[in-house]
Amino acid sequence: MNVVEIRRLSKAYGPVRVLEEFSLEAPKAGRVAVLGPSGCGKTTLLRLIAGLDLPDGGEILLHGRSASRPDWALAPHLRNLGVVFQSPALWPHMSAAENIRFGLSQLDRAAADDRAAGLMRSLGLDGLGERYPHELSGGEARRVALARALAPRPELLLLDEPLTNLNAVLKQQVHDVLQAHLDEHRPVLIYVTHDPSEVSTGFEQVVTLAGRDTV
Amino acid sequence: MISSSVSRPSFRRSGWRGPGVGAILHWAVLAGLLFGPWLALLISTGAAVARGNVDWLLLALPTGRRLSLLLRSVGMCAAVAAIDLAVGVLIACAVWSSRRRWAWARWLPLALAALPPYIHALAWSEVLGRLSVMGRGGRLSGVWISVWTMAMALLPLAIGLALISLQTVARPLVDAARTRHDDLTVLWRVILPLAAPLLGAGGGLIFLLSLMDYTVPSLFGVNVYALEIFAEFSASYEPARAFLLSVPLLAIAAGVLWVGQTVLRNAAQEPVWGVSPWGTPPHWSRGFLLGQRAALLVWALQAAVPLVVLAGLTVSSGAWWTTLGPAGREIALSFGIAVAAALIGLPLGWMAMNTLASGVQPSGAVGWAFFLPVALPAPLVGIGLVALWNRAGAGGVYGTAWMPVLAALARFAPLAALALIAQYRRVDPLLWDAARVFQVRDWQTTRRVRVPLLAPGLAAGASLVFALTLGELGATLIVAPPGQTTLTLRIYNYLHYGGSDVVAGLCLVMLLLTLAAGVLGAYAMGAWSRRNSLGEIR
């Protein structure tokens, strides 16, 4: 059974149609890349899958059960997903470590600390756990956001341009961490980017979104 | 990146060469308007002490009866702030997550924010009197009725402030939290902590406004410290004694304002650029929904009681036509004063915003001093204005309709600046930078970029100053020109000397005018905000 199934999904903002009858299927451990220029609806697609927006038409199913319809959406926290947004979206009143531990309420404190520390170490964020978001560089903030998304080991991973603001060395480091995580925990990955070179290998499906129409 | 480290660009930051003649002149006028009355009071007090009235200084130290009165006032006002903040947050959460096409209605609560508290007192005393809820022998009194009425009077402001506080929480921060926790947890752990600085400052403002009001407690037979000041001036006619007696209130106001400003400066979130905070409706728990419904019921009562009671009293007595005709001059005078205050207040607020919001000048102490007059007892402003203008060579202002205008400006011009500053901070800083890069002439930038982007703030500032001036009583009571009466004075006189049907008719006129200003302001804010919105995330 597919973990994610999208059937004829449509979404418009006023007169601008960003998604039109879009369909997709992703089995367990499936890796899907979504390519396209700015404003073509990539982020909208991720928001719809995450349950943060309602579609205008079509349906999203998770494990064969309806999760989003035009009139209803399963709450985002019940979808067992991790998201890296276009901006890091770190909560400014929490330290980096607290941001990462936010989704680990099912673990006891020691286990949550261990998991957060392990992720920070692998992402080159050692010693930055007590820093607040305004004390981090753009690249550090993005890696904290990735650690926050990976920490709960979600079944569905939605990444929106996760390598933005990273230099070549950091890109490779993040890529390696992500690869190890995918191999070990086998989540479904939906990876959004405008850069074709980021998705040249390792993806079973590459979906290209063309752009928007005006209704 | 969403963080507090984003610096606020200024209109003139690069290449700033110091204040020009115009700016100095503006600040001189503004300082004269805001602090002239206080300077006059200080001089009067100094002169009184120099005349040998040293023992008057003891009035500044509350002891015995005055101390317990002060403590009781503080306790009552803390209760008002707590009630309003709790109800305000519940309502704001309900309204905040309402459907987008009703987004403009979020600002409707502000329409009733400027309705004077004594009108609420009249309406609630009528309702509670009929229900025989309070008092012996039909006479309404009691601390709790006073607290409740004051809380109702300030509830629209609390709702508006709570809404603004929630709106400052950026959507991506809410989205990121929603993927891991239920919406109630997101509210407790992310939204409320991020909105806390503004909410706290709002609570402080409500506390101060209720602390300075004596009209509601006096109508319910409750003595409070602010009433003590008015009584002292009425008995002695000595500005110095009234000023010294008010020192504890001034100290509390200054302290609360300082704390509020410090908290706000350290607030760590960026504003939202006009997008809806919830893509999908939030899922609240049953208990929370019940709380929201109870709060919405309180809100409905808050709006309905004055409207229904006043309309009922007016219609049943047929006082509408008998009051409107003779009160025509008072209505026209009040309207003129309110329009003048709004028209003069806006450019003053604009110039103040240029300095306070742009970071050209250090805004800590300057900002604190600038906003302090808002939180000070209104009668003292009136007493200070009389001390300032009732003297030879003062330009013939005393005894004219300009005195209430000056009183309104001294009290409310900072609010116009506050509305503009709030709007300025809502605009993406890059838009100001882009305007600086592409501008040809400064006035063109003002006309084509600043005014359109700040239009919601202009609408909010104008309607706020207009409505508050319309209902201003504390200072107007002292500075009203001889032989002329404003609408509030007429209501106040009738309230104390009988004629409840006439009072109801006049209050209804006041309510409708305030409501019209509020609805117009809210509509303009909503329309301009929508036009300035940068749209949705794609």
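Trainee: Which strands does α4(A) lie across in this predicted model?
Mentor: In this predicted model, α4(A) lies across β7 and β8 (156-160) of chain A. The helix runs at about 170° to β7(A).

Trainee: What is the order of the strands in the open sheet of chain A?
Mentor: The order is β7-β8-β9-β3-β10, which makes 5 strands, and the pairing is parallel.

Trainee: And which strands stand at the edges?
Mentor: Those are β7 and β10 (205-208) of chain A. Each has a single partner strand, so one side of each is left without a neighbour in the sheet.

Trainee: By how many degrees are neighbouring strands turned against each other?
Mentor: On average the turn is 15°, with direction ignored.

Trainee: Over how many bridges does β3 pair with β10(A)?
Mentor: Strand β3, residues 31-35 of chain A, pairs with β10(A) over 4 bridges, in the parallel sense.

Trainee: Which residue in β10(A) is the bridge partner of Val32(A)?
Mentor: The partner is Gln205(A).

Trainee: Changing topic: how many residues does the contact take from chain A and from chain B?
Mentor: Chain A gives 34 residues and chain B gives 25 residues.

Trainee: Which elements of chain A give two or more residues to the side that touches chain B?
Mentor: They are α1 (42-50), β7 (81-84) and α4 (138-150) of chain A. The largest share, 4 residues, comes from α1(A).

Trainee: How many residues on that side are nonpolar, polar and charged?
Mentor: The side of chain A that touches chain B has 20 nonpolar, 12 polar and 2 charged residues.

Methods
Residues are numbered from 1 along each chain as its sequence is written. Chains are lettered from A and ligands numbered from 1 in the order in which they are written. This is a predicted model: local features need pLDDT of at least 70, side-chain atom pairs count only at pLDDT 80 or more; totals for chains, interfaces and linings use all residues. Two residues are in contact if their C-beta atoms, placed from the backbone, lie within 7 Å. Ala, Val, Leu, Ile, Met, Phe, Trp, Tyr, Cys and Pro count as nonpolar, Asp, Glu, Lys and Arg as charged, and the others, Gly among them, as polar. Two strands pair if DSSP finds at least two bridges between them. Axes are lines fitted to C-alpha atoms, for helices over the stretch in contact, and angles run from 0 to 180 degrees between N-to-C directions.
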